[in-house]
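Reader: I have a chain to look at and would like to go through it residue by residue. Please take my questions in turn.

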Amino acid sequence: MSKAAPDAAEIAARRKHAAKRLNEHVKLFAAYVNAMAIAVAGAAIIVPLVNNPNATLGQSHLSWFMASLGLHCIGHAVIRLLRREE
């Protein structure tokens, strides 16, 4: 006995499942990158001000904050990789 070829509904269901799996991976990675951005921003801004309230934020703090903004933008770019689940 030979196995019947999959019909159009089964192929569509497989594609939908594959798109859902990929989308979940993409969303998980974007959430991870965004969490790292929050951690870097906290380390750059909040931690120095908590340790010394009279401290001024220098050039290095600004560069770390810009790195956190860059990570946040990467998270936004990754979200654009989502596929349709039709």
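Reader: In which helix is the place of leucine 69?

Author: This is a predicted model, in which local features need pLDDT of at least 70, side-chain atom pairs count only at pLDDT 80 or more, and totals for chains, interfaces and linings use all residues. Residues are numbered from 1 along each chain as its sequence is written, and side-chain values use heavy atoms, with hydrogens and water left out. Helices are DSSP runs of H or I with at least four residues, strands are runs of E with at least two, and both are numbered from the N terminus. Leucine 69 falls within residues 59-79, which form helix H2.

Reader: Is leucine 69 buried, partly exposed or exposed?

Author: Buried means under 20% relative accessible area, exposed means over 50%, and partly exposed is in between (1.4 Å probe, protein chains only). The relative accessible area of leucine 69 is 37%, so this residue is partly exposed.

Reader: Which residues make the nonpolar surface patch of about 350 Å²?

Author: Patches are made of residues with over 30% relative accessible area and no salt bridge; like charges are joined within 9 Å, and nonpolar side chains (Val, Leu, Ile, Met, Phe, Trp, Tyr) within 5 Å. Areas come from the Shrake-Rupley method with a 1.4 Å probe, and for residues only the protein chains shown count as cover. The patch is made by Leu62, Phe65, Met66 and Leu69.

Reader: Which residues does serine 68 contact, leaving aside its neighbours within four places in sequence?

Author: Serine 68 is also in helix H2, and its relative accessibility is 3%, so it counts as buried. Contact means heavy atoms within 4.5 Å. With those neighbours left aside, serine 68 is in contact with Ala37, Val40 and Ala41.

Reader: How far apart are the C-alpha atoms of glycine 75 and alanine 35?

Author: Glycine 75 lies in helix H2 and counts as buried because its relative accessibility is 6%. Not counting residues up to four places away in sequence, glycine 75 touches Ala30 and Val33. Glycine 75 and alanine 35 are 40 residues apart along the chain, and their C-alpha atoms are separated by 9.5 Å.

Reader: What is the C-alpha to C-alpha distance between alanine 55 and asparagine 34?

Author: Alanine 55 is found in the loop between helix H1 (8-51) and H2. At 28% relative accessibility it counts as partly exposed. Alanine 55 and asparagine 34 are 21 residues apart in sequence, and in space their distance is 27 Å.

Reader: Which residue meets glutamate 10 in a salt bridge?

Author: Side chains of opposite charge can pair when their charged atoms come close. A salt bridge here is a side-chain nitrogen of Lys or Arg within 4 Å of a carboxyl oxygen of Asp or Glu. The N to O distance is 2.7 Å, and the partner is arginine 14.

Reader: What is the radius of gyration of the protein chain?

Author: The chain has two helices and zero strands. The globule rule gives 12 Å for 86 residues, and the chain is more spread out than a compact globule because its value is well over that. The radius is taken over C-alpha atoms, and the rule is 2.2 Å times the number of residues to the power 0.38. For this chain the radius of gyration is 22 Å.
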